[in-house]
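Here is a short report on one protein model.

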Amino acid sequence: MKQALRENELFENLDYASQGITGREFEECTFRNCDFSTANFSNFSFTDCAFENCNLSNLRLSHAKLQDVRFTNCKLLGVDFSTCHDFLLSVQFTGCSLDLAFFGKRNFKKTVFDSCSIKEANFTETDLTEASFLNCNLNGAVFQRTNLEKANLLTAVNYALDPEVNRIKKAKFSAQGALGLLAKYDIVIK
């Protein structure tokens, strides 16, 4: 049974770790200092919401709608964003830990990742057109058949991606970071 729409509410210090709560809609709500690790947000709908200092590690998002959702200083370890609704998917991450997250086969155009740890995340077949990776650590992140056209990786570090299997036209890289485009060749540059 679908729950009523919640609007303009502040939720603080909630602990829903490991609980399965489905079918809720939230608009213009803020979640602060909450623990939703391993919770089930399947079929949830979040519109113009903010998550601040929350633990969302291993959160399940099957068929969840995330429209204009901001995550600030959150733990999102191992979250599979590929199961979210792709329609109107719009998120922003600031100061978040997205290690081991999976973004595959989704549209993350113009998404901003600012000062995030995105180690060993998987962006296979993800559309990251005009996305920004500002001061992000991408150590071990997987880029396969990923669209990075016009993406900004000027201040990103520790990434390795193959320009032959990814679309990188007009993407921005620093001179130091551009060495990550040559990683597959296992060459020494001094």
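Strands here are DSSP runs of E, at least two residues long, numbered from the N terminus. E9 and strand E10 (residues 112-114) pair in the parallel sense, over three bridges. Two strands count as paired if DSSP finds at least two bridges between them. Strand E8 (residues 69-72) also runs parallel to E9, joined by four bridges. In that pairing, Phe-71 stands opposite Phe-93 in E9.

Side chains alternate along E9 (residues 91-94). Val-91 and Phe-93 point to one face and are buried. Buried means under 20% relative accessible area, exposed over 50%, and partly exposed in between (1.4 Å probe, protein chains only).

## Basis of the model

This is a predicted model: local features need pLDDT of at least 70, side-chain atom pairs count only at pLDDT 80 or more, and totals for chains, interfaces and linings use all residues. Residues are numbered from 1 along each chain as its sequence is written, and side-chain values use heavy atoms, with hydrogens and water left out.

## The cavity

The structure holds one cavity of 30 Å³ or more. A cavity is a set of points on a 1 Å grid over the protein atoms alone, where a 1.4 Å probe fits but cannot get out. Grid points are joined across faces, edges and corners, and the volume is the space filled by probe spheres set on the points. The largest cavity has about 30 Å³ of space.

Which residues line the largest cavity? They are Phe-41, Phe-46, Phe-51, Leu-56, Leu-59, Leu-61, Leu-66 and Phe-71. Lining residues have an atom within 4 Å of a point. By class, the lining has eight nonpolar, no polar and no charged residues. Ala, Val, Leu, Ile, Met, Phe, Trp, Tyr, Cys and Pro count as nonpolar; Asp, Glu, Lys and Arg as charged; the others, Gly among them, as polar.

## Glu-125

Glu-125 is found in the loop between E10 and strand E11 (132-134). Its relative accessible area is 33%, so Glu-125 is partly exposed. Leaving aside neighbours within four places in sequence, Glu-125 is in contact (heavy atoms within 4.5 Å) with Lys-105, Arg-106, Gln-144, Arg-145 and Thr-146. Glu-125 and Thr-146 are 21 residues apart in sequence, yet 4.6 Å apart in space, C-alpha to C-alpha.

Definitions and conventions:
On a 1 Å grid over the protein atoms alone, a cavity is a set of points where a 1.4 Å probe fits but cannot get out, and a pocket is an open set with protein on both sides within 12 Å along at least five of seven lines; lining residues have an atom within 4 Å of a point.
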